[in-house]
Structure formats: C-alpha cells, structure tokens
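I opened the model today to look up a few things and keep notes. The entries follow the order in which I looked.

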Amino acid sequence: MSEDKLISETMPPPADDSLHLDKSAAMESNTTAQETHPDEDGASPARDERHWDQTSKKVVVHNVLKFIRSNEIHKMTSAWTNNTDIVIVKTKKPPKENWIKVTLQDDEMVDKFIKLINEGGAGGKPLCNARGGIMFAKRATEMDVRDTNERKRKERDNDHVNDRDAKRSHLVKVLSVDEVRDAITPLWRKHYTDQLSEKTKEMVNKCSKNIVKEIKRKFRTLEHEAKRGHRKASTVYKWVEAKRAISVEQTVPSPQIYEYRNKCEFTCGYRHVQVQGEESVDKDTLVDGCGDAKDTTFDSEPEEIHKDPESNNDNAYNTIKKIPAAGFLAQGWQGGVYSPHCLQNVPDWACAIADILNEYLPTSPMTPYDSKVHRGFFRSFTIRCSLRTRECMVIVLHAPAKGGVGAKEDGSDDYSDVFEAEKERLVGMLTKDVLAAPKRDFPEGHVRAVRDDGSEGIRVTSIYFQEYEGLSQPGPDHPVQHVYGKTCLEERLGQCTFQISPGAFFQTNTEGAEKLYGIVVDRIREVTQDPKQTLLFDVCCGTGTIGLTCLKEGVVGKLVGVDIAEPAILDAKVNATKNGFSNDDNSSMDDKDSFLTRFIASPAEKVLAEEMKSIARNTPVVAVVDPARDGLHGTVVQTLRKNDKIERLVYVSCNPTGTLVRDAAMLCAPPTKKYPGRPFMPVLAQPVDMFPLTSHCEMVMTFDRMSEEEYEKYHGTD
C-alpha cells in the first residue's frame, strides 16, 4: 500500500500537526501550560484554546521571561495591576515561551490593560521584564500566526538589533528546480540500480534486523517475568538466533522509472515569486521557483520583505510576491507551493491540469485556504488518471463557501455569492479541451522514453467538489458532490478491471502494482493444495484489488474482504461483479460452500473474530493484510494469532521500517495472555520499488505458522 494513504508521496502529511500552527500557538494548544487561576466556567485548565477561539477579554503580553515558576507568574501579573481597577481572572503561560495570555474580568478593562503594558513605564515607555527587556501587549484577537514581524519582535527586544533587521530577519528562500527535486524526489541524482541497492540495504538494516531485535527484546521481558515466578521460562526460537534470521531478497524494480504516478495531490497555496535587489528593489526582475525571469503583469498578494538568506550583504533583501497557485509543498507551508513540471515521477497529464489550475486561481476571488488561521476556500486538488482506459478524475477539496473555522467576523471571506459561478468557470476550463502537452523542466541529460500508452489526448472525464470544514483532512467516507461526467474512474490491472470512486484507495503505480500483486499471488500459490476450496481473508482490502486478482489467477476459490472505508467496499462489490465473481446474495455467508465473495465495511478489529468463527471447519484459509501506514490494530493481530486455520499470512506493508516491525514482532513473539496461539515466523521478505526516485519502498513479507511439533518443543502441551 502506498504512502497516498497518508495523503501524498510528495508531502508526508501532517497528522495532528496538520493545523500548521506556529511554534507559539502550537505550544499553547498542545503543551501543558502553567495556569494560576481557574477557568471562569470551571472547565479544565488544559482545554484546547486555539488562536481562532479567542474572546474579547483576552490579551497577549510578549517578551516576558521564558522560564518562570507558577507562583512567580501571579506575583508578576499582580505587580502590573497594582493600584488599578484591572482584574485578571486567568493567566496562561506555555513553558519555554516568552509570552503570556491573560483573561480580564470584562471587555472594558482590555484597552486599559494594553495601555498599562505599552505605556505604563517611566516617561510613558513600555513596562520591562525582570531583565530589562521591553514588553508589549495586544488583543488576542489581533494576534495572527502569520505575522512574522511580531513573532520576531522578541529577538529585537532581547538582542537589541535595529528595527529594520528585526522586521526582515525571517529567511525565506525560493528553491531552485534541483532543490525542489531534492526535497520531493531525493534519489533523482542516483542511477536506478543504486536506488534499488540503497532500498534493499535499508530493508535489511531498518526492517528485518529491527524485527529480530524487537522479538529478542520480548524474550528478555518474558525471561524477567519467569525469574519473578510470573510465568514459565521460554527458550529463544532457533530461527531468531540465526545469522540471517529473515531472508531479504533484492528489491524488485518498477517497470516504469519516470512519470509513473496515476494519482497526484496538489496543495492550493501561494507560489512565491522573488524580486531581487538591495535597498531599492528592481521591479522589472522577477524570479520564480524555477529560476526563470517572470513578467510583472499579474495580480498577487501584498509583497513581503525578507532578508536574502544567500547574501553576505547586510543591505540585501528580497521582495516575495505571493501568487495563488496549486502544486507541491517542498519546504513546508511558509515556503509556498512549487510547480510539478520539474519532477520526473509526475506525468504530463498532471502537469497539464496544474497549468489550468494555475491559470484559474490568480483570477478567482476565492483565495487559497490558509491552514494556520483556517481561512480561505481552495484546499487541495486530487487528480487520478488511467492511461489504459483514458479516464481522468479531479476532486476539488474546499472550505465552506460561507467561510471556514477561522472565518472573518466582517464576512469579507464569504464566497456564497460567487461560488456557483466560479465552480462553473473552473469546470469549464478543466473540460474545455484535451489536456495540452505541458512544457516540462527535466534535468539536463534526462531522456524521456518513447511510450505508446495513450498519454496524449487525455480529457477530464469526472469532477467532484468536496466541502470540508475540519482542521486536517477528510476521511474516506466524507461526502462528495458530483458536478461533471462519470461518477467513477475505471482502471485495468492485470486480468481485472476495477472501479475507483473518489474516496477509495488504489495503488499509485499501476504497472508496479501488477508486480506487487504478482508476488502476493505466488506466495499464496505455494501453499494452496486445493485452490477451489481455499478461502482468502483480505484484511484492509480496499477496492478488492488483491483478493479479486487472486481469484482471477485461480490460487483461491473464495474471498472475504474487510475494509474500514465504505466507498471502497461498495467499489469492491461492483468490481467482483465486473470480474465475474458475483453472488446471488453478496451480503450473506449462510451457504458456506457456494459463496464466492463477501465484502464488509467495518474496522477489521470489530468483525474479524466473528468472521473467522463462521468458516467451515475443514476449509483451508490463507490471509493477506494490506494496512495503512498505522499498521494493524492489536485486536487484528490477536485474532490472526488465535486462529490456527491460517497457516500462511502475507503482509503487504507501505511502512516497512515502522509499523511492520511492530506488527511482525507481535505475530512472531512467544504466546502471552494478550497474544495467545502458535506464533508465526517470517520466511521471506520481498521489497518492491513502487516509488522510484523517492526513498519509499513497499515490502511483501510472508509468514508461516509455527508447526504444532515445534511449538510443543518450546512451550510444551499447555
């Protein structure tokens, strides 16, 4: 399974940190803060208070001491308000930060308190902290995490630098095309054989060896418990002590090294265009992220002045113009979005759609979504394409037209009046013509393969809009609005045809997926003596690609698929029919001898145990698990271990150096009360390069159940 389950290969996404708060705001919401007064409403003092939820009674005081004890906070704030009628009802001071938030008794005290901090010192000067640093206060509602100058103010007060340098000290660099490639496709400079060799070594050192280390650690833990008399002693398994406990094969190469992706996700943000100069900026010279001179005739966001990070001249500054655009995040949110045209793993059709989006966005009144303040409209654009069926789907993720979580109170970011017209305009631009061949910016010496795969003449055949008001990313079941063309995308993979809906997962490298699934088929064929009677449990089955491929190849005769995403399960049921494996009643398993396929939309940990119980006693069973990057739920591991019918387990991992290590150790460790049953042992590890030019790699690890004789040798008959 690919890293697209995480969002995109190009930008490892943000889990909870997808809020993209700045350091100060993140510390306030995620760190246990020092509080000296109870909340007014009696709520827990550790409740989450993000910057868009401030009330009119709150004030932020900057440049207090970073390290201060809780009892000293009360003394400090009491000294501020001594001999005044200002009443502070609560304070919040994050550890290691030089600001404090105070909540006043009523709104009328706010202006008085701000004036007290900013002008209450000798001669009308601001108050100072204990070390003589100048403090300043602002309403909490006025504090914007994008305000770089204010966030750098503490450096000016503490380090006594001049005003101009303090305002311009934030280093912003517009990356060159080589730097963009280094960030998103870090192995692009290496020959492909060297890439494969590097990935094989990583699978040995960071996957197989770590699995063995983790299993040995579990044995040591059990040994300590045995010495305390809590359990019987366990002997380390012979295979664990072997020099090469897990055999790792050479990485299987991708059939296609360049332009292999069938899915891209472009973030909507701002492209940074740089005006170079010294004190007086030459407005005629604009440089974009590709190093090319740009015309100045465009609409843009206001200019930002930044110190030139590559100049030794103290008077050298860059003016950064921000233009609405769609692309990849090569250096985080503050660095802007970059065009995909220089990336060798991105195909022409994706770049052609990026060109259309980048023509549309600067002319739209609806702005890119700012994840730091949760304001704006366009969030991202997901594009899927099948060159084999010549179909292309675009999914537009956006905030509510009336405004997102951080909508302005004056309604200036309410796009309700223009939303329908702008949606129609964008659909028209995307569907007007065949996708034009874009001008690419490949590295010197790059030779494009001559391909006859239908990559020319692609049209957008399906468009969805998806409204989402949440703070991170919508789940696979989040509703979508179909606005144009077909409702699904079709893809051919091997001998099968698959329907893919907007929320369903599908491998991002079609030809690579055929290699991957071929390996899974071979591993199952090795142990199926009676394929027609063999049942395959496909855990995290998605649209049914692995299970239906195994049925089509004739290595199993029955299939039960489980996945948490309901759209994927609906696709899987359709795909079963498309490929000749439909049932008279696909929702029932009452006739255990005649059903072909059964797909269940549920977390695997909730249904797997019951489904295992319903299997006929003499039915041979094999299992395939293909989880997301989070790996298997502990209950799923428990169920797989307890069910002795499963003699072979094939684990397809998109996170082989992380969750596969954890899950493999639990599958192969000695039995415990939580994880009983005969353990598995890894018999083969096969890396598959699904993502050339990047550091990512898939792993197909095959596990066989320890025999009853060997189990009795180590653990007796109890």
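**Entry 1: the whole chain**

I began with the chain as a whole, which is a predicted model. Buried residues make up 52% of its 718 residues. I then looked up the secondary structure, and it comes to 18 helices and 23 strands.

**Entry 2: T497**

Is T497 buried, partly exposed or exposed? Its relative accessible area is 22%. Buried means under 20% and exposed means over 50%, so T497 counts as partly exposed.

I then listed what T497 touches, leaving out residues up to four places away in sequence. The list is E490, E491, R492, N575, K578 and N579. I also looked up the spacing between T497 and T389. The two are 108 residues apart in sequence, and their C-alpha atoms are 9.8 Å apart in space.

I went from the residue to its strand. In β16, 4 of the 5 residues are buried, so the strand is largely enclosed by the rest of the structure.

Which way do β15 and β16 pair? Strand β15, residues 489–493, pairs with β16 in the antiparallel sense, over 5 bridges.

The hairpin of β15 and β16 has 2 residues between the strands. In this hairpin I found G494 with a positive phi near 65 degrees.

**Entry 3: helices α12 and α13**

Last, I looked up a pair of helices. Helix α12 covers residues 510–525, and helix α13 covers residues 545–553. Their axes come within 10 Å and cross at roughly 55 degrees. That angle makes α12 oblique to α13. The crossing of α12 and α13 is right-handed.

Which residues meet between the two helices? From α12 I wrote down Y517, V520, V521, I524 and R525. They meet T545, I546, T549, C550 and E553 in α13. By class, the contact of α12 with α13 has 6 nonpolar, 2 polar and 2 charged residues.

How values were computed
Residues are numbered from 1 along each chain as its sequence is written. This is a predicted model: local features need pLDDT of at least 70, side-chain atom pairs count only at pLDDT 80 or more; totals for chains, interfaces and linings use all residues. Side-chain values use heavy atoms; hydrogens and water are left out. Buried means under 20% relative accessible area, exposed over 50%, partly exposed in between (1.4 Å probe, protein chains only). Contact means heavy atoms within 4.5 Å. Two strands pair if DSSP finds at least two bridges between them. Axes are lines fitted to C-alpha atoms, for helices over the stretch in contact, and angles run from 0 to 180 degrees between N-to-C directions. Angles under 35 degrees count as roughly parallel, over 145 as roughly antiparallel, 65 to 115 as roughly perpendicular and the rest as oblique. A crossing is left-handed if the near helix is turned anticlockwise from the far one by less than a right angle, and right-handed if clockwise. Ala, Val, Leu, Ile, Met, Phe, Trp, Tyr, Cys and Pro count as nonpolar, Asp, Glu, Lys and Arg as charged, and the others, Gly among them, as polar.
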